[in-house]
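Student: I would like a close look at one part of this model, with the details that surround it. Could you take me through it slowly?

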Amino acid sequence: MEPKLGNPQNTIEIIKKYNFVFQKKYGQNFLIDTHVLDKIIAAANITKNDMVLEIGPGIGTMTQYLAKAAGQVVAVEIDDNLIPILEDTLNDCHNVTVIHDDILKVDISQLAVQYNHGRPIKIVANLPYYITTPIIMSLFEKDVPIHNITVMVQKEVADRMQVGPGSKDYGALSLAVQYYAKPYLVANVPPNCFLPRPKVGSAVIRLTRYLKPPVIVQDSKLMFQLIRASFNQRRKTLQNGLYNYPELSFSKEQIATAIADLGLPSAVRGETLTLTQFAQLADRFCEISGKI
Ligand code: SAM
């Protein structure tokens, strides 16, 4: 089926037909620009062999585009009021399944088993901005079989996903994204491409999952604890950040030794370390605490 939604007129028509009231708490800003929709679909490299998970289909605008490009589409929407609208707008899309649920409560690996024989899926979404980080982190941490994630996010979040040490945007999200995936900025998207217009700029970013992470680390859970500890108190030294973090229980001496062993100054700040250095630090702590 050719997509019918994606422009302001048809979107407003649906909104009026169902007396739909936008809910701010669900981060509802619907896409009304066909060029942006085409760019997202092209960037996600979708073929008829793919199963795509869409997070938050809204009134089904992007879902219609996905249905045309993909083999299977599963769309998870939380808002009760959108379910009858989706039944209408996706009536002719026979390869789409709508699940009425909170994406943070859905077992996505199970969806991949059910709809894609457990093979890697593609994730495409104009994300609800209030839960961007928990969604992305949980996809990676739960080891969901994923080929790529192509999502609209707040511009500032897209920046955070791509930067390295030296930028004010560098943080735990940058390191997590870059450990699991290769980020690529697809497009910057201004507020007038949405209804209603968001107060912030947006960007589409594609994260292509690495088959093998770019750094080798013995204990990735420990590495992410060190990362969180380092950015938890950004203005503190790495040494104090690690010592004061409740999830870690290394002594001051052990921390000083690990930092010195990496050839770093004792007053170094965590925000200056690269992913490779965090991996080396985690390995050093494993050795010090006798794990390896
Ligand atoms: N995909 C549509 C579009 O581009 O026009 C809508 C995007 S809108 C930014 C975000 C969508 O996510 C809304 O439909 C909202 O109701 C839905 N949503 C918000 N929180 C959600 C959650 N926890 N689980 C599933 N969907 C959610």
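Student: Which residues in α9 meet which residues in α12?

Tutor: Happy to walk you through that. A word on the ground rules: this is a predicted model, in which local features need pLDDT of at least 70 and side-chain atom pairs count only at pLDDT 80 or more, while totals for chains, interfaces and linings use all residues. Residues are numbered from 1 along each chain as its sequence is written, and side-chain values use heavy atoms, with hydrogens and water left out.

From α9, the residues L222, M223, L226, I227, S230 and F231 meet L275, F278, A279, L281, A282, F285 and C286 of α12. Contact here means heavy atoms within 4.5 Å, and helices (H or I, at least four residues) and strands (E, at least two) are DSSP runs, numbered from the N terminus. By class, this contact has 12 nonpolar residues, one polar and no charged. Nonpolar covers Ala, Val, Leu, Ile, Met, Phe, Trp, Tyr, Cys and Pro; Asp, Glu, Lys and Arg count as charged, and the others, Gly among them, as polar.

As for geometry, helix α9 (residues 220-232) and α12 have axes that come within 9 Å and cross at roughly 115°. The axes are lines fitted to C-alpha atoms, for helices over the stretch in contact, and the angles run from 0 to 180 degrees between N-to-C directions.

On the α11 side, Q254, I255, T257, A258, I259 and D261 take part, meeting L281, R284, F285 and I288 of α12. That contact has six nonpolar, two polar and two charged residues.

Now to another helix, α2 (residues 34-43), where V36, L37, I40, I41 and A43 are buried. Buried means under 20% relative accessible area, exposed over 50% and partly exposed in between, with a 1.4 Å probe and protein chains only. Seen down the axis, these buried residues fall within an arc of 170°, so they line one face of α2; the arc is that of the directions from the helix axis to the C-beta atoms. The face turned away carries the exposed residues H35 and A42. Partners of the buried residues of α2 include α3 (61-69), β5 (121-126) and β6 (146-154).

In helix α6 (residues 132-141) we find I135, which counts as buried at 3% relative accessibility. Beyond its neighbours within four places in sequence, I135 is in contact with I55, I103, L104 and L127.

Most residues other than glycine have a negative phi, and most peptide bonds are trans. N19, in the loop between α1 (8-17) and β1, has a positive phi of about 50°. D143, in the loop between α6 and β6, has a positive phi near 55°. Finally, a cis peptide bond joins L195 and P196, with omega about -15°.
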